[in-house]
Structure formats: structure tokens, C-alpha cells
Amino acid sequence: MSIFTNYLQSTMKNNQLIKTLICSMMCLFLTSVSFAGFEPGFLVTQKGDTLRGAFKFNMNGIKLRPEHGGKAQMYPLSQIVAYAYGEDGEMHYNFNNLFYTLTLEGEVQLYERISYTYSYNGQFTTTIVQHSYAVKRQREDELTLLRMTSTMGRGKVYFAEQASSYFQDFSALVSDIHGGVYNKVKTIPDMVGRYNDWWNEQQKSATAN
């Protein structure tokens, strides 16, 4: 066997090895791309089913890859009650296709949504963080959004009317709501917490009697 033949065979083997490595790298790359954006967790549907796997949001809803394999399926947001990342992650609840996180438990549960708005003036990027809150009593099925913004500049007036109606059984709190004690978004958790403390005291008194 000539030196040229040995060289040719060696080159072909090396080329084959390189091709194999390239194919393996491409497969790994494509697999990584196909799972890009997917996070492990679970969805809770309107039917009461818990669907586990990996999912991501897109313009059409939530795309879920089943836990035990199979084709990914798209779920419209209207079909999803809640979702969580991981096995025991924080639950996010659907309200008008926007998701809120439970931040305070009690007779009245408080749910929060944090959104970010970015603006660029040619030199600097400004990030505006907005907090939205919704409430729900234990016996209620739907969330009630506590609004501080509305048309005609009546945001705080509208909020006072809405909040005083929702907490109407606690007259002292209603008085402070109309008095402007809770006229900032950041004071809403304090307002709900105060109501829950009062409600708990009422239950203790009723039990004692």
C-alpha cells in the first residue's frame, strides 16, 4: 500500500469524524433552539386539569410540551386558570387574560401584577414599574380589580368608591378610604391587611359569644 493511499484513507477517516462531530453539534444546537424559552412547570385549565411539562408564552397563548413527551400543544389564555413554574412554584392566576400572583391571604385575598414599561429618549432608557392589585373573598369565584386609573382624571375618586363598596362592612376603614389614607397604589396591601385583621377579630368575638 502506497504512502498516498495511506494518507488518503487517513484523511477520509478524519473527514468522517469531523462530519460526525458537526452532525452531533447541529443536532444539539437544534434541540437547544427547539426548547428555547420553555420552562418546566404546570398549567391549571378551566376544566380543572393540571397539565405538567415545559411551557412558554407567545402571541396565541401558552404552548406546552407534555411532561412525558409528545407533541407540544397550544392553549388559549382563556382556557388557563393559573400556572406555576417548577413543581411547587408561585401560582399566577388569570384575570381577563392577565396573570396575578397571590401576595396576601386571609378573608380577602390580595393578588398583585407587576408590569414594566420602557421608554427611550435617545440617550437613556427609563423603566416604569407598575403594580396592579385585585382582591377576592374566600367565597367569591372572581377577582375584583382595584383601579386607581380611569378616564376624566377620576382615578382616585373611582378607587375610593369601589374600595369603600367592597369593604363596606368595616365602617372605620371606609372612612379612612374616603379620607385619602389609602389613595396610593402602594398602600393597598396595608388596606387589605387591616381589613383581614378586623375580620379575624370579628370572628373571634362571635365565637366567644
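Predicted model: local features only at pLDDT ≥ 70, side-chain atom pairs only at ≥ 80, totals over all residues.

**Entry 1: charges over rings**
I checked R52 and found its charged end over the ring of F42, 4.8 Å from the ring centre. Then I looked at R65, which lies over the face of F38, with 4.4 Å to the ring centre.

**Entry 2: the overall layout**
I stepped back to the protein chain and counted four helices and 10 strands. How do the elements run from the N terminus on? I wrote down the order as α-β-β-β-β-β-β-β-β-β-β-α-α-α. The chain has 209 residues, and 29% of them count as buried. For its accessible surface I noted about 14100 Å², with 54% belonging to carbon and sulfur atoms. I also looked up contacts between residues at least 6 apart in sequence: 36% of these join residues at least 24 apart.

**Entry 3: aromatic pairs**
How many aromatic pairs does a search of the whole structure find? It finds 14. I picked Y83 and Y85: their ring centres are 5.5 Å apart and their planes are at 75 degrees, so I call this pair edge-to-face. Is Y83 buried or exposed? Its relative accessibility is 8%, so Y83 counts as buried. Y85 comes out at 37%, so I put it down as partly exposed.

Next I took Y93 and Y111, an edge-to-face pair with 5.3 Å centre to centre and 85 degrees between the planes. This pair links distant parts of the chain: Y93 is in strand β6 (residues 92-95) and Y111 is in strand β8 (residues 108-120), 18 residues apart. Y93 is partly exposed, with a relative accessible area of 25%, while Y111, at 4%, counts as buried.

I went back to Y83 and Y85 and saw that ring pairs link them into a cluster with F55, F57 and F99.

**Entry 4: a nonpolar patch**
Which residues make the nonpolar surface patch? I listed I114, Y116, Y118 and V129, and the patch is about 430 Å². Its largest share, three residues, comes from β8. I clicked on Y118, which is in strand β8. Why does Y118 count as exposed? Exposed means over 50% relative accessible area, and Y118 has 58% relative accessibility, so it counts as exposed.

Notes
Residues numbered from 1 in each chain as written. Heavy atoms only, no water. Phe/Tyr/Trp six-rings, centres within 6.5 Å; stacked < 30°, edge-to-face > 60°. Buried < 20%, exposed > 50% of the residue type's maximum accessible area, 1.4 Å probe, protein only. Helix = DSSP H or I, 4+ residues; strand = E, 2+ residues; numbered from the N terminus. Lys NZ or Arg CZ within 6 Å of the ring centre and 35° of its normal. Patch = residues over 30% accessible without salt bridge, like charges linked within 9 Å, V, L, I, M, F, W, Y side chains within 5 Å. Areas by Shrake-Rupley, 256 points an atom, 1.4 Å probe, with all protein chains shown as cover. Salt bridge = Lys/Arg side-chain N within 4 Å of Asp/Glu carboxyl O. Contact = heavy atoms within 4.5 Å.
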